[in-house]
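Colleague: I am new to this one and would like to learn how to read it. Could you take me through it step by step?

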Amino acid sequence: MLLLQDKLNRPLHDLRISVIDRCNFRCPYCMPEEKYSKHYTFLKEKEWLSFDEIIHLVQLFAKVGVRKIRLTGGEPLLRPNLDDLISDLVKIPGIEDIALTTNGALLSAYAQALKEAGLKRLAVSLDSLNPEIFKFLSGQKGNVNTVLDGIKAAEKAGFESIKINVVVQKGINDQSIIDLVKYFRGTPHILRFIEYMDVGNCNSWKLESVVPSKDILRMINEQFPLIAVKANYYGEVAKRYRFLDGKGEIGFISSVTQSFCGDCTRARISTDGKIYTCLFGREGQDLKTPLREGVGDQTLFEIIKRVWQKREDRYSELRSQIHSTDSTPAKVEMFQIGG
Ligand code: SAM
Ligand code: SF4
Ligand code: SF4
């Protein structure tokens with residue numbers, strides 16, 4: 001097997017695949033309604049990588065060291081027959097782990113099929129239990145009870161420990177943190193508090209809106225004492241903590257205040273088949289065109305190898321430097337390449 005390393009000696013281990021650029025929510029921090037209204041043109045179906053093309057690429061990526069796949073979007077559950085893709089992905093030699101990130105709105109309908117297809121791990125985004133705040137943060141499109149029902153349906157389908165992703169913004173949903181902790185403490189599910197990031201160019205991100213993980217940790221620890229837990233594996237993004245009274249675990253993803261570029265082993269594939277080596281990338285390398293032209297696997301390997309071997313991304317480490325020279329650096333939008 002050919003194992004790839006980038007310029008900072010990071011291996012290629014994880015692949016995030018955006019299966020669709022559309023979404024049934026309009027979260028202001030990702031896809032604000034004013035920009036992504038009905039007048040916005042999303043990709044046409046023929047521009048999406050087909051399932052056969054995704055499988056083909058994952059087979060190649062598995063041969064250069066990828067072990068983990070995360071399906072994301074946009075909202076991945078809007079992609080028709082996603083369970084068919086999953087049932088083929090789980091059979092690919094070398095792929096040890098497949099996960100899906102969803103906003104949960106359609107989870108009640110699909111949880112059983114996802115489980116039967118062989119999906120092992122699920123992350124559901126849920127920024128507040130307060131119906132008004134939740135609605136605001138979904139761009140007036142979502143209903144918190146539908147998502148909570150989706151989580152229950154996933155439990156019933158056999159997903160034992162679900163990750164619950166919470167993007168925290170100062171003055172918007174920081175008052176929801178303790179409610180979420182109380183709701184999920186004592187369940188097998190793991191809340192993960194994510195620092196609000198300057199992904200893409202459309203969310204008018206400001207550093208002042210970020211709630212540093214250490215502040216959230218302090219706030220939770222005052223009421224529910226926590227103890228740090230070792231990472232499960234090299235490159236784990238979330239810093240883990242356990243409740244001292246044994247009532248479960250939470251995590252923090254601190255891309256802004258404690259960047260983790262040093263062991264970032266992730267590549268991303270956009271819905272239209274471009275490979276990106278950083279969430280904050282500007283341009284991806286097209287894989288779909290050579291795939292559709294029928295070039296051989298050796299040529300595709302060469303493209304992937306070239307892209308990874310010249311990688312030196314570490315945007316989060318350099319964020320303040322980058323912002324000091326360019327206040328709006330051009331970046332791909334998160335829904336196009338997946339979170
Ligand atoms: N639609 C699905 C969802 O919301 O779970 C999957 C795609 S979404 C882009 C993946 C993750 O990125 C979600 O957990 C979302 O909350 C997170 N996300 C989106 N914009 C973000 C931002 N500006 N900062 C931090 N996380 C963000
Ligand atoms: Fe859609 Fe997820 Fe982005 Fe919200 S975070 S707009 S649910 S893709
Ligand atoms: Fe990886 Fe880029 Fe995020 Fe750093 S900023 S952790 S290189 S995706």
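Modeller: We start with polar contacts. A polar contact is a pair of N or O atoms within 3.5 Å. One case is Thr102, where a backbone N or O atom lies 3.2 Å from an oxygen atom of ligand 1. Keep in mind that this is a predicted model.

Colleague: Which atom of ligand 1 lies 3.1 Å from a backbone N or O atom of Tyr29?

Modeller: It is a nitrogen atom of ligand 1. A side chain takes part as well: a polar side-chain atom of Asn165 lies 3.4 Å from an oxygen atom of ligand 1.

Colleague: How many residues are around ligand 1, and which come nearest?

Modeller: There are 20 residues around ligand 1, and Tyr29, Gly74, Thr102, Ser125 and Met197 come nearest.

Colleague: Which residues are around ligand 2?

Modeller: The shell consists of Cys23, Phe25, Cys27, Tyr29, Cys30, Met31, Gly74 and Asn103. By class, six of the residues around ligand 2 are nonpolar, two are polar and none is charged. Tyr29 and Gly74 are in this shell and are also among the residues that come nearest to ligand 1.

Colleague: And how do I read the shell of ligand 3?

Modeller: Read the list, then the classes, then the elements that supply it. The list is Phe260, Cys261, Cys264, Arg266, Arg268, Cys278, Leu279, Phe280, Arg311, Asp313, Tyr315 and Ser316. These divide into seven nonpolar residues, one polar residue and four charged residues. Strand β10 (266-269) and helix α10 (315-325) each supply at least two residues of the shell.

Colleague: Now the helices. What should I look at when two of them pack?

Modeller: Look at the angle, the distance between axes, the handedness and the residues that meet. Take helix α1 (residues 51-63) and helix α2 (residues 82-89): their axes come within 10 Å and cross at roughly 25 degrees. Angles under 35 degrees count as roughly parallel, so α1 is roughly parallel to α2. The crossing of α1 and α2 is right-handed.

Colleague: Which residues make the contact between α1 and α2?

Modeller: From α1 come Phe51, Ile54, Ile55 and Val58, and from α2 come Leu82, Asp84, Leu85, Asp88 and Leu89. Seven residues of this contact are nonpolar, none is polar and two are charged.

Colleague: Where else does α2 pack?

Modeller: Helix α2 also packs with helix α3 (residues 107-117), with axes that come within 8 Å and cross at roughly 20 degrees. The two helices are therefore roughly parallel to each other, and α2 passes α3 in a right-handed crossing. Leu82, Asp83, Ile86 and Ser87 in α2 meet Ala113, Leu114 and Ala117 in α3. By class, this contact has five nonpolar residues, one polar and one charged.

Colleague: Are α6 and α7 roughly parallel or oblique to each other?

Modeller: Helix α6 (residues 177-184) and helix α7 (residues 213-223) pack at about 55 degrees, with their axes 10 Å apart. That angle makes α6 oblique to α7. Their crossing is right-handed. In α6, Ile177, Ile178, Val181 and Lys182 meet Ile216, Met219, Ile220 and Gln223 of α7. Six of the residues in this contact are nonpolar, one is polar and one is charged.

Colleague: Last, the backbone. What should I look for in the loops?

Modeller: One thing to look for is a positive phi in a residue other than glycine. Gln140 is such a case, with phi near 70 degrees. Gln140 lies in the loop between α4 (131-137) and α5 (144-157). Ser204 is another residue that is not a glycine, and its phi is positive at about 50 degrees.

Colleague: Where is Ser204 found?

Modeller: Ser204 is in the loop between β6 (190-195) and α7.

Conventions:
Residues are numbered from 1 along each chain as its sequence is written. Chains are lettered from A and ligands numbered from 1 in the order in which they are written. This is a predicted model: local features need pLDDT of at least 70, side-chain atom pairs count only at pLDDT 80 or more; totals for chains, interfaces and linings use all residues. Side-chain values use heavy atoms; hydrogens and water are left out. Axes are lines fitted to C-alpha atoms, for helices over the stretch in contact, and angles run from 0 to 180 degrees between N-to-C directions. Helices (H or I, at least four residues) and strands (E, at least two) are DSSP runs, numbered from the N terminus. Angles under 35 degrees count as roughly parallel, over 145 as roughly antiparallel, 65 to 115 as roughly perpendicular and the rest as oblique. A crossing is left-handed if the near helix is turned anticlockwise from the far one by less than a right angle, and right-handed if clockwise. Contact means heavy atoms within 4.5 Å. Ala, Val, Leu, Ile, Met, Phe, Trp, Tyr, Cys and Pro count as nonpolar, Asp, Glu, Lys and Arg as charged, and the others, Gly among them, as polar. A residue is near a molecule or strand if one of its heavy atoms lies within 4 Å of it. A polar contact is a pair of N or O atoms within 3.5 Å; within protein, one must be able to donate a hydrogen and the other to accept it, and residues adjacent in sequence count only if both atoms are side-chain atoms.
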